[in-house]
Amino acid sequence: MPISKTGVEWQDSFKTSQEVPLRPEPVFDVINKTASDKAVFAVDVGNVNINFERLVDIHGDQKWTTSGQYATMGYGLPAAIAAKIAYPHRDVYSLNGDGGFAMLMEELLTQVKYNLHIVNLVFSNETLGFIEAEQRDDSEQPLSGVDIPATDWAMAAKGLGCESYTVKTVDDFKQAMKAASQTEAPVLIDIKFTHEMPFTTQHMFLDPATSSQEDIDVFVEKYQAQDLKPFSYFLEQAGVGSDAVSGASVTEDSTSDPAIKQANIDATSGASLA
Ligand SMILES: Cc1ncc(C[n+]2csc(CCOP(=O)(O)OP(=O)(O)O)c2C)c(N)n1
Ligand SMILES: [Mg+2]
C-alpha cells in the first residue's frame, strides 16, 4: 500500500470519472485506447495543449504537432489537413478548443471538398480557457472577454457537410469515436467539456510551511487534491532537508529580497505534479 499517490497516479485516478460535463482524463483515456499506432494528432492552442501534453500517451508510430513557437490559435484544422495530405493512410485527428476551432472552422469545407477523413475534436468549455486561467491565477482581474456562447458545433459542421456528433458522456464519446472510424468522411465531434480550468502547477497550496491552512483547504477541495502531498513531504521521506533543494545559499538575511523569497517558496511548495 503506497503511503501517498504520486502526481501521475493522482491524475490517473480521474480516468474513470463519470462527471459531466466531461473531465479531460476520461476523454483522453478513450483517445489513447482508440487511436491507432500510426495516428497523427494536430493540436490547437490553449488548455487543449495542457491536457494533451499531460494526458496523451503517444505510442507506436504516432505523431503530433502543435504551434509551439508562436502559439497560433486556429492551427489545428489546417495542420490536420496538411497531415492527412502528407500521410493519407494514417488516421488524423485535430484537437481544438471551441475558441480556436471558431477561428478556422471554415476549413471543414476544405476537408469536405477534398474528401479528407479527419476526425476533428472540439473541447467545448464555453470559454477562452487558457486566457481565463491567466486572468484568474496571474492578474486576479475580473474575467473579461473570455466567454464563448454555448454553441451547437455539430449542427454547424453538419451544415458544412461533415458527419458530426455531440457527446456529453464517456459512452457517447466512445460511440462517436467508433462511428468516426467507420466512415471515410470528415467528422466533427463536439465534446461538451468541463468549464473548470486544468490543475494549476503555478501556485500550488499544499505545504503548511508556506501556505495558510485556509488556502490549502480551498485548493485541495477545488482540485480534489486530498491525495497530493507537497514536495517537502517527499524530501522528508527521502531523508533530505528541503534546504538542500531550495538552495543552501539562501540565508535568513537574504529572504528579505522578495524575489529570493518567492524562489524559496516555489522550490519547496508542492512540485508533486510536473
Ligand atoms: C491567433 C491567436 N489569438 C490569440 C491567442 C491567445 N490565446 C492563447 S490560448 C487562447 C484561448 C484558447 O481558447 P480555446 O480555443 O477555447 O481553448 P481552451 O483554452 O478553452 O481549451 C487565446 C485567446 C493566440 N495564442 N493565438
Ligand atoms: Mg475553450
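This is a predicted model: local features need pLDDT of at least 70, side-chain atom pairs count only at pLDDT 80 or more; totals for chains, interfaces and linings use all residues.
Buried residues make up 35% of the 274 residues in the protein chain. I then listed the secondary structure and got 13 helices and six strands. Next I checked contacts with a separation of 6 or more: residues 24 or more positions apart account for 70% of them.

**Strand E6**

I looked up strand E6, residues 187–192, and found six of its six residues buried. In a regular strand the side chains alternate between the two faces of the sheet.

Which strands pair with E6? Strand E4 (residues 118–124) runs parallel to E6, joined by six bridges. There I saw Phe-123 opposite Ile-191. Strand E5 (residues 163–167) also pairs with E6 in the parallel sense, over five bridges. Here Thr-166 stands opposite Asp-190. I followed the chain from E5 through helix H9 (residues 170–181) to E6, a right-handed β-α-β crossover.

**Cores**

The largest nonpolar core has 47 residues. Among those touching the most other members are Tyr-93, Leu-121, Leu-188, Ile-189 and Ile-191. I picked Tyr-93 and listed its contacts beyond four places in sequence; they include Phe-41, Ala-80, Val-119 and Leu-121. I also noted a separate second core of six residues, with Trp-10 and Met-204 among them.

**Ligand 1**

I counted 20 residues around ligand 1, the closest being Gly-46, Asn-47, Gly-97, Gly-99 and Gly-129. The shell holds eight nonpolar, ten polar and two charged residues. Helices H3 (47–55), H5 (98–104) and H7 (129–139) each supply at least two of the shell residues.

How values were computed:
Residues are numbered from 1 along each chain as its sequence is written. Chains are lettered from A and ligands numbered from 1 in the order in which they are written. A nonpolar core is a set of buried Ala, Val, Leu, Ile, Met, Phe, Trp, Tyr and Cys residues joined through C-beta atoms within 7 Å. A residue is buried if 20 or more other C-beta atoms lie within 10 Å of its own, exposed if 12 or fewer, and partly exposed in between; C-beta atoms are placed from the backbone. Two residues are in contact if their C-beta atoms, placed from the backbone, lie within 7 Å. A residue is near a molecule or strand if its C-beta atom, placed from the backbone, lies within 6 Å of it. Helices (H or I, at least four residues) and strands (E, at least two) are DSSP runs, numbered from the N terminus. Ala, Val, Leu, Ile, Met, Phe, Trp, Tyr, Cys and Pro count as nonpolar, Asp, Glu, Lys and Arg as charged, and the others, Gly among them, as polar. Two strands pair if DSSP finds at least two bridges between them. A crossover is right-handed if, with the strands pointing away from the viewer, the path from the first strand over the helix to the second runs clockwise.
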